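Please look first at the sequence and the structure shown here, and then follow the explanation one part at a time.

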Amino acid sequence: MPRLNVSNDFFVRTSDPEHKACVQEILTRVKDNGYVELGTYEGWYCPRCADFKTESEIAEGNTCPIHKIALVRESEENWFFKLSAFQEPLEKLFADNPDFVRPRHRFNEAHAFLSQGLQDVSLSRGKLTWGVEVPWDPEHVFYVWFDALLNYVTALSYARPGDDLTERFWPAQIQLIGKDILKFHTIYWPALLMAAGLELPEHVVVHGFLLMRDADGTEHKMSKSLGNVLDPFQIIDDFGADALRYYCLREVRFGQDGAVSTSGFAARYEGELANEFGNLASRTTAMIHRYRDGEVPAIQPDHAIAQELDPLAAQIEELIDASELTQALDVAWTAVRRLNRYVEEQAPWALAKDDSNAAQLDLVLATLADGLRLIGVLLHPWLPASVEKLFAAIGVDDLALSTARLQPGLVTRVERIAPLFPKPQD
RNA sequence: GGGCCGGUAGCUCAGCGGUCAGAGCAGCGGACUCAUAAUCCGUCAGACCCGGGUUCGAAUCCCGGCCGGCCUACCA
């Protein structure tokens with residue numbers, strides 16, 4: 001995780017004794033509330049594997065793909081969770097909270113599943129040697145999802161010994177998941193919380209998958225076994241975690257599946273990070289040094305540019321609140337492009353040739369200096385390490401979105417800056 | 001098999017009932033020199049997967065098909 005420049009507050013293991021105790025307590029409550037009953041699970045079973053097979057795991061002729069032997073129809077007595085009892089409560093949840101699941105197409109998918117009608121689901125397993133024991137029936141353990149989902153809540157109670165964080169952090173504002181576990185988190189999970197009398201998360205945000213395009217033109221889910229990976233550690237080693245983070249959120253709309261490639265990365269890294277953003281920082285600091293010895297004129301920045309850049313922060317805030325991370329980045333990037341265009345429009349090198357233009361040159365340099373700061377504030381969520389480098393060079397450190405408007409006096413002096421995104425040498 | 005999602009310029013994507021279908025990149029032409037030969041301007045570019053249907057009008061809605069993705073009880 002340090003290599004990705006991310007951190008976690010706590011790492012939950014579902015084998016944690018505190019977790020087991022919480023799971024048992026909560027599911028006992030679910031049972032006491034009348035949502036657990038005995039039932040029978042029936043499916044195709046491989047005696048050699050000692051396991052039931054899903055339909056996708058069944059090979060030609062109803063055989064086990066591993067052992068090549070015939071599967072048998074077997075049934076097992078299980079405890080069941082009365083999911084069907086939550087048909088109406090869930091329909092109301094979806095009707096009242098049209099952005100309970102984001103983005104919209106995932107909401108539709110979850111809602112469509114709900115509309116098909118909910119069946120009760122098996123809550124326990126009898127033939128497993130690991131898992132959380134069912135307290136009222138020690139021969140069974142809980143089905144992994146009912147154990148695992150609950151860690152979102154249970155971890156809060158014991159992650160900080162002596163300090164129960166549940167009140168502070170539950171209900172969660174956002175739970176972020178991948179699209180493959182949509183059903184568990186948008187149907188089973190809220191139903192389970194309702195059954196236990198717990199509060200629901202405000203939003204479940206669903207991200208897509210990154211796909212790689214093969215030589216034959218088809219797209220596949222990226223996976224190590226297929227060998228079609230954009231190696232994240234190689235990218236980090238060569239270009240930094242910022243670049244990887246930026247690329248993934250820029251190239252693929254957050255929430256959708258999308259294709260990534262090494263050539264796509266190279267194009268965005270050089271074209272956008274190095275040439276547009278990194279070079280804007282270089283040319284700006286270089287000109288302030290060349291024409292004003294690094295001192296930023298203490299004057300009000302260009303009003304026309306302020307009119308264009310000042311509204312961006314509010315737009316970005318709204319998009320991020322709506323989990324539209326790619327669109328938000330797109331808006332932030334318009335500021336980079338606008339300032340590069342401003343440099344061309346004003347041509348400071350031409351202004352510098354005649355002292356009678358000194359006032360205008362002051363204005364342009366002051367605008368660029370504070371514009372660079374504004375851009376840093378806007379881009380920090382995507383490029384944290386790079387923005388910190390930039391801010392060190394221009395002598396500021398306030399990242400509050402409320403400061404993302406052009407103003408005088410914040411950037412007083414800049415240092416020349418090494419390329420923020422150096423290009424590979426060859 | 002069933003459910004759901006997607007298939008738009010060479011590439012990555014936006015548009016999702018109504019001007020000649022858009023952006024960035026790549027390509028081509030030009031300007032400029034402050035800068036990591038970077039930037040800026042202009043320009044070329046598409047059977048909107050295929051076939052039906054609804055409509056005054058569809059990339060946009062409906063039906064069918066093809067291709068790709070995810071789920072369909074134990075990694076979460």
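Three strands form an open sheet in the order E6-E8-E7, with antiparallel pairing, where strands are DSSP runs of at least two residues and helices are H or I runs of at least four, numbered from the N terminus, and where two strands pair if DSSP finds at least two bridges between them. Strand E6 (124-125) and strand E7 (133-134) stand at the edges with a single partner strand each, so one side of each has no neighbour in the sheet. E7 is joined to strand E8 (residues 137-142) by two bridges, the two running antiparallel, and Glu-133 stands opposite Val-141 in E8.

This is a predicted model, in which local features need pLDDT of at least 70 and side-chain atom pairs count only at pLDDT 80 or more, while totals for chains, interfaces and linings use all residues. Residues are numbered from 1 along each chain as its sequence is written, chains are lettered from A and ligands numbered from 1 in the order in which they are written, and side-chain values use heavy atoms, leaving out hydrogens and water.

Turning to the helices, the axes of H12 (residues 312-321) and H13 (residues 325-346) come within 8 Å and cross at roughly 165°, with axes being lines fitted to C-alpha atoms over the stretch in contact and angles running from 0 to 180 degrees between N-to-C directions. H12 is therefore roughly antiparallel to H13 (angles over 145 degrees count as roughly antiparallel, under 35 as roughly parallel, 65 to 115 as roughly perpendicular and the rest as oblique).

The axes of H9 (residues 241-251) and H10 (residues 262-292) come within 10 Å and cross at roughly 105°, so H9 and H10 are roughly perpendicular to each other.
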